[in-house]
Amino acid sequence: MNEKEILAIQELLASPKKIAIIPHRSPDGDAMGSTLGLYHFLLKLNHKPVVIAPNEFPEFLAWLPSSETVLVYENDKINCTKILNDVELVFTLDFNALHRTGEMEHVLSKLSVPIIMIDHHQLPDSYATYTYSNTSFGSTCEMIYNFIGFLDKKSLIDKTIATCLYTGILTDSGGFRFPKTTGTTHRIAAEFIDLGVGNTEIPNLLFDNNSYDRLQLLGRALQNMEVLFDKKTAYISLSQKELDEFNYVKGDTEGIVNYGLTIKGIIFAAIFIEHRDENIIKISFRSQGDFDVNQFARTHFSGGGHINAAGGKSNDSLENTIKKFEKIIESITI
């Protein structure tokens with residue numbers, strides 16, 4: 001952000017305001033960590049913030065500080081719409097196009113109050129009054145840390161704020177393994193640990209707190225994996241019937257797509273998950289090296305994201321979606 005924008009935001013935040021903080025639909029660790037981290041920061045500035053998620057967030061994130069205060073638009077559209085129409089400022093975090101909020105887009109697009117976007121995805125839309133967009137960052141949580149620094153308020157970062165931001169950094173960096181993890185990322189994490197963040201407890205809460213059903217679902221997913229060794233590609237599919245068989249709850253498929261990349265020689269992985277309640281196939285793409293899954297998702301599956309991590313969707317059947325994917329793979333060089 002430039003100095004003029006920072007001064008304008010400082011002026012906006014100089015007096016108490018009613019503020020809405022919005023993550024993307026199906027929020028992950030970075031979305032919830034950044035929104036709740038900012039929520040606690042704004043409380044310290046005597047604002048009245050509220051986090052409104054488009055839909056439910058995964059159960060494995062329910063331990064985050066003040067997650068119980070998060071409103072879910074899908075569960076109470078009338079009240080959430082009323083709150084949004086009454087706020088004086090909006091932050092949108094970890095997404096850069098309003099359609100990523102699902103049905104909330106219709107409300108957000110009509111608001112006349114200032115909107116501040118903080119995000120690390122490619123090709124941001126121009127809906128925001130102030131935009132802090134930078135694809136070099138591995139997480140929006142790291143950007144929130146910088147944003148607080150822009151406001152000269154780093155001294156306000158306490159264990160609670162740090163816990164939220166550490167969670168998003170940890171999840172979006174793949175446990176500090178992904179390419180956009182820098183020395184600065186580690187230095188920020190170290191600063192948070194010095195504030196008392198539970199760097200041994202948080203990974204357990206995020207990654208090791210599995211239900212028996214989730215492990216059974218993982219087993220089925222791995223059984224369903226198909227490997228196209230000549231195309232350096234692996235993909236997994238899960239039908240609605242299989243989700244139901246193992247009592248699927250939101251978050252149970254998180255991270256499964258990454259298993260394909262653990263196979264020697266594979267640089268492109270995908271997972272196709274049937275969701276009949278939404279009448280779509282949800283797709284996640286992951287890659288290693290220079291293969292751009294963001295462009296792949298945008299071109300073929302109405303999606304987008306990062307070079308090495310992206311998502312998409314299909315309104316066709318699971319079977320036809322996979323056939324389309326295989327046909328595309330055969331026609332390109334990976």
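This is a predicted model: local features need pLDDT of at least 70, side-chain atom pairs count only at pLDDT 80 or more; totals for chains, interfaces and linings use all residues.
**View 1. The open sheet of 6 strands.** The strands follow the order S3-S2-S1-S4-S5-S6, and their pairing is parallel. Strand S3 (71–72) and strand S6 (130–133) stand at the edges, each with a single partner strand, so one side of each has no neighbour in the sheet.

**View 2. Pairing of strands S5 and S6.** Strand S5 covers residues 115–119 and runs parallel to S6, with 4 bridges joining the two. Within this pairing, Met117 has Thr131 of S6 as its bridge partner.

**View 3. Helices H1 and H5 on the sheet.** Helix H1 (residues 3–12) lies across strand S4 (89–93), S5 and S6, and runs at about 120° to S6. Helix H5 (residues 140–150) also lies across S4, S5 and S6, running at about 130° to S5. H5 is mostly covered, with 9 of its 11 residues buried. Among the buried residues of H5 are Cys141, Met143, Ile144, Phe147 and Ile148, as well as Glu142 and Asn146. Just after H5, Asp152 has a positive phi of about 60°.

**View 4. The second largest pocket.** This pocket holds about 170 Å³ of space. Its lining is made up of Arg25, Asn55, Glu56, Glu74, Tyr248, Lys250, His275, Asp277, Glu278 and Lys282. By class, the lining of the second largest pocket has 7 charged residues, 2 polar and 1 nonpolar.

Note on methods
Residues are numbered from 1 along each chain as its sequence is written. Side-chain values use heavy atoms; hydrogens and water are left out. Two strands pair if DSSP finds at least two bridges between them. Contact means heavy atoms within 4.5 Å. Axes are lines fitted to C-alpha atoms, for helices over the stretch in contact, and angles run from 0 to 180 degrees between N-to-C directions. On a 1 Å grid over the protein atoms alone, a cavity is a set of points where a 1.4 Å probe fits but cannot get out, and a pocket is an open set with protein on both sides within 12 Å along at least five of seven lines; lining residues have an atom within 4 Å of a point. Grid points are joined across faces, edges and corners, and a volume is the space filled by probe spheres set on the points. Ala, Val, Leu, Ile, Met, Phe, Trp, Tyr, Cys and Pro count as nonpolar, Asp, Glu, Lys and Arg as charged, and the others, Gly among them, as polar. Buried means under 20% relative accessible area, exposed over 50%, partly exposed in between (1.4 Å probe, protein chains only).
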